[in-house]
Amino acid sequence: MSHKILILPGDGIGVEIMAEAEKVLDVLRGDFSLDIETIRGYLVGGAAIDASGNPLPEETLQQAKAADAVLLGAVGGPKWEGLPYAIRPERGLLGLRSELGLFANLRPAVLYPQLLSASTLRPEVVTGLDILIVRELTGGLYFGQPRGVRVLENGERQGFNTLVYSESEIERIGRVAFETARKRTKKVCSVDKANVLECTELWREVMNRVHQEYPDVALSHMYVDNAAMQLVRYPLQFDVMVTENMFGDILSDAAAMLTGSIGMLPSASLNAEGKGMYEPIHGSAPDIAGKDLANPIATILSVAMMLRYTLNAPELATRVEKAVGSVLDAGLRTRDIYTDKDRLVGTAAMGDAIVAALRHMNR
Ligand code: NAD
């Protein structure tokens, strides 16, 4: 049965990078017989606000619910920054995540050997880096109740948020981490602050319990402060890291920067049925939008993640990743990853080169 993929370019460079990802999807469908149907023409973010006043129009949400996967570019831009929070472009993204129940955020941080000099760390510290951070996305401090700012009896204001996780929430993200680790090197590091926070003491206990179902996977635990330090000291020790929402938010950005470029990194957000939303980790980059400067690789690698995690086509995912690798081998670079030894290309030329490399593999 044909898989339905909803294409949501969004704003800024979202439109340009999505055009390149669509070229890849067309080759996968045409040359590799991937049975997919792409659904286009629906809006999210600023573009949707301009058209209807709503960052997540009902028809977009319905299409997202009906699709097997959503491929998203990026949302936002200075034009919409003055709007109230409830109708900002980012609400479109958050709305999709919560409406689709996308509780598991997978963020790989892979250092391509061709881009070694782009990392801020020494080559011997990051060569071979390939980490996958599994971040819980719909619970924890960002969603816990009660929350707010209240006035105390002495008139002073007090801000408060609640770190809360139920056992079932920890179990399901734990399973995603262990299942994912089985497809990699079978190593999971669970990150918590169990020495101080009761909630993450429970996190550790439940992780240990779920681990009993995965005896072939090695589980270790680390406090979040140590994990932050180890990520920059000796990142090669990690494979899959699993953690709660806020710790994951912070650690995944730190891990991303080990690779040197925001334009290279994809992400997947999955729900309990394996349905996913796939998007680059960067934003809409208004400073370079419309100039053929954006790196489309993060979005193209998001297609590879979609092949692996929702479409169950890991061999095609590997081909897409190899096509990206071969184009980097050939020295082609968009401006964000360019050094004076390379050949500078624009967004569309980079997409065309990856498509050509992919086609070449099918000969
Ligand atoms: P950004 O990621 O858009 O840009 C940060 C810097 O990285 C900029 O200099 C930009 O030119 C560069 N950059 C980003 N992606 C690139 C790519 N593919 N190729 C080359 N260079 C790239 O972050 P920002 O500037 O903080 O935010 C801009 C807008 O994007 C804001 O409105 C923000 O809210 C939004 N945003 C959206 C998402 C999302 O849609 N998931 C994520 C982050 C930010």
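Modeller: Start at Tyr 214, in the loop between helix H7 (198–211) and strand E9 (218–223). Helices (H or I, at least four residues) and strands (E, at least two) are DSSP runs, numbered from the N terminus. This is a predicted model, where local features need pLDDT of at least 70 and side-chain atom pairs pLDDT 80 or more, while totals for chains, interfaces and linings use all residues. Residues count from 1 along each chain as its sequence is written, and side-chain values use heavy atoms, without hydrogens or water.

Tyr 214 has a relative accessible area of 3%, so this residue is buried. Buried means under 20%, exposed over 50%, and partly exposed in between (1.4 Å probe, protein chains only). Which residues does Tyr 214 touch, beyond those up to four places away in sequence? They are Arg 175, Phe 178, Glu 179 and Arg 182. A contact here is a pair of heavy atoms within 4.5 Å. Ala 313 is 99 residues from Tyr 214 along the chain, and their C-alpha atoms are separated by 24 Å.

H7 lies across E5, E8, E9 and strand E10 (240–243). H7 runs at about 170 degrees to E9. Axes are lines fitted to C-alpha atoms, for helices over the stretch in contact, and angles run from 0 to 180 degrees between N-to-C directions.

E9 is an edge strand, and so is E2: each pairs on one side only. They belong to an open sheet of 10 strands with mixed pairing. The order is E2-E1-E3-E12-E11-E4-E5-E10-E8-E9. Two strands pair if DSSP finds at least two bridges between them. The twist averages 20 degrees from one strand to the next.

Strand E1 (residues 3–10) and E2 (residues 36–39) pair in the parallel sense over four bridges. His 3 has Ile 36 as its bridge partner in E2. E1, helix H1 (residues 14–30) and E2 make a right-handed β-α-β unit. Right-handed means that, with the strands pointing away from the viewer, the path from the first strand over the helix to the second runs clockwise. Glu 20 lies in H1. At 4% relative accessibility, Glu 20 is buried. Its contacts, leaving aside neighbours within four places, include Pro 296, Ile 300 and Asp 352.

Strand E4 (residues 104–110) pairs with E5 in the antiparallel sense, over seven bridges. Pro 108 stands opposite Leu 132 in E5. The loop between E5 (130–136) and strand E6 (148–151) holds Pro 146. A cis peptide bond joins Gln 145 to Pro 146, with omega about 0 degrees.

H9 lies across E4, E5, E8 and E10, running at about 155 degrees to E5. Helix H8 (residues 224–233) and helix H9 (residues 245–258) have axes that come within 10 Å and cross at roughly 10 degrees. So H8 is roughly parallel to H9. Their contact includes Val 224 and Leu 231 of H8, and Phe 247 and Leu 258 of H9. By class, the contact has 10 nonpolar, no polar and no charged residues.

One more loop, between helix H6 (167–182) and strand E8 (187–192), holds Lys 186. Its phi is near 60 degrees, a positive value in a residue other than glycine. Lys 186 has 35% relative accessibility, so it counts as partly exposed.

Key
Parallel < 35°, antiparallel > 145°, perpendicular 65-115°, else oblique. Nonpolar A, V, L, I, M, F, W, Y, C, P; charged D, E, K, R; others polar.
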